[in-house]
Amino acid sequence: LDLDSGSQEERLDQLESLASAVAWLYERNVIHRDLKPGNVLRDGRGRLYLSDFGLAKELGRPEDEASDAGLTRRNASLGTPAYMPLEQFQNARDVDRGADVFALGAMLFRTLAGITPYRGDAVEVLSAQMRVRYTEAAPPRPSSFDSSVPPALNALCLAATELDPEQRLPSAGAFLEALRKARRGESPGGP
């Protein structure tokens, strides 16, 4: 998925398509846990395909050493730091749909601002997220990097990359609906 070229409208169309695919996964009780542009392929007709399900998890299924070949251990961090929420750094085994919503929000942020909300290696990203979550530090906003970002899309980025999982948009379907509203200039709402 190329979030750096093409018009903003084309890139937002691609994010809508990706959010729809992730919502389809949720209907089947699967979370991806490593959503990022590199795991989204596009064919010659422009159709998107989600790839690399190596960290995917079936929700509601007991996750033990046998079911995931020992890949997800309690208190282990798995994924790509720039697209991971704080709770995934702390315990990838127990994350839910919110981890994928955060990744969608980080991709939206990159689409609008040209960068992800939290950058650097795993330690730098984790430190920045902890600073925002546990202090009075303001969360990153796409409009801080590009003042032309519409307020509704700016608000959606904040709702999707909220570091308190209870305050984040609850699902890819909710993200998709909020993205469509935000593109029309309507407030995306909250969880």
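**Close-up views of a predicted model**

Helix H3 is largely enclosed by the rest of the structure, because 16 of its 17 residues are buried (buried: under 20% relative accessible area, exposed: over 50%, partly exposed: in between; 1.4 Å probe, protein chains only). The model is predicted, so local features need pLDDT of at least 70 and side-chain atom pairs count only at pLDDT 80 or more, while totals for chains, interfaces and linings use all residues. Residues are numbered from 1 along each chain as its sequence is written, and side-chain values use heavy atoms, with hydrogens and water left out.

View 1. H3 covers residues 97–113; helices are DSSP runs of H or I with at least four residues, strands are runs of E with at least two, and both are numbered from the N terminus. From first C-alpha to last, H3 reaches 24 Å, close to the 24 Å expected at 1.5 Å a residue (the expected span is 1.5 Å times one less than the number of residues). After H3 comes Gly-114, which has a positive phi near 85°.

View 2. Val-95 belongs to the loop between helix H2 (86–90) and H3. Is Val-95 buried or exposed? Its relative accessibility is 3%, so Val-95 counts as buried. Leaving aside neighbours within four places in sequence, Val-95 is in contact (heavy atoms within 4.5 Å) with Ile-31, Arg-33, Lys-57, Leu-59, Glu-87 and Gln-88. Pro-165 is 70 residues from Val-95 along the chain, and their C-alpha atoms are separated by 9.5 Å.

View 3. Thr-116 is in the loop between H3 and helix H4 (122–134). With 8% relative accessibility, Thr-116 counts as buried. Its side chain reaches the backbone oxygen of Tyr-118 at 3.1 Å. Not counting residues up to four places away in sequence, Thr-116 touches Ala-82, Tyr-83, Ala-106, Phe-109 and Arg-110.

**View 4. Helices H1 and H6.** The axes of H1 (residues 8–27) and H6 (residues 172–183) come within 8 Å and cross at roughly 155° (axes are lines fitted to C-alpha atoms, for helices over the stretch in contact, with angles from 0 to 180 degrees between N-to-C directions). That makes H1 roughly antiparallel to H6 (under 35 degrees is roughly parallel, over 145 roughly antiparallel, 65 to 115 roughly perpendicular, the rest oblique). Among the residues making the contact are Leu-12 and Tyr-26 of H1 and Phe-175 and Arg-183 of H6.

Methods: A polar contact is a pair of N or O atoms within 3.5 Å; within protein, one must be able to donate a hydrogen and the other to accept it, and residues adjacent in sequence count only if both atoms are side-chain atoms.
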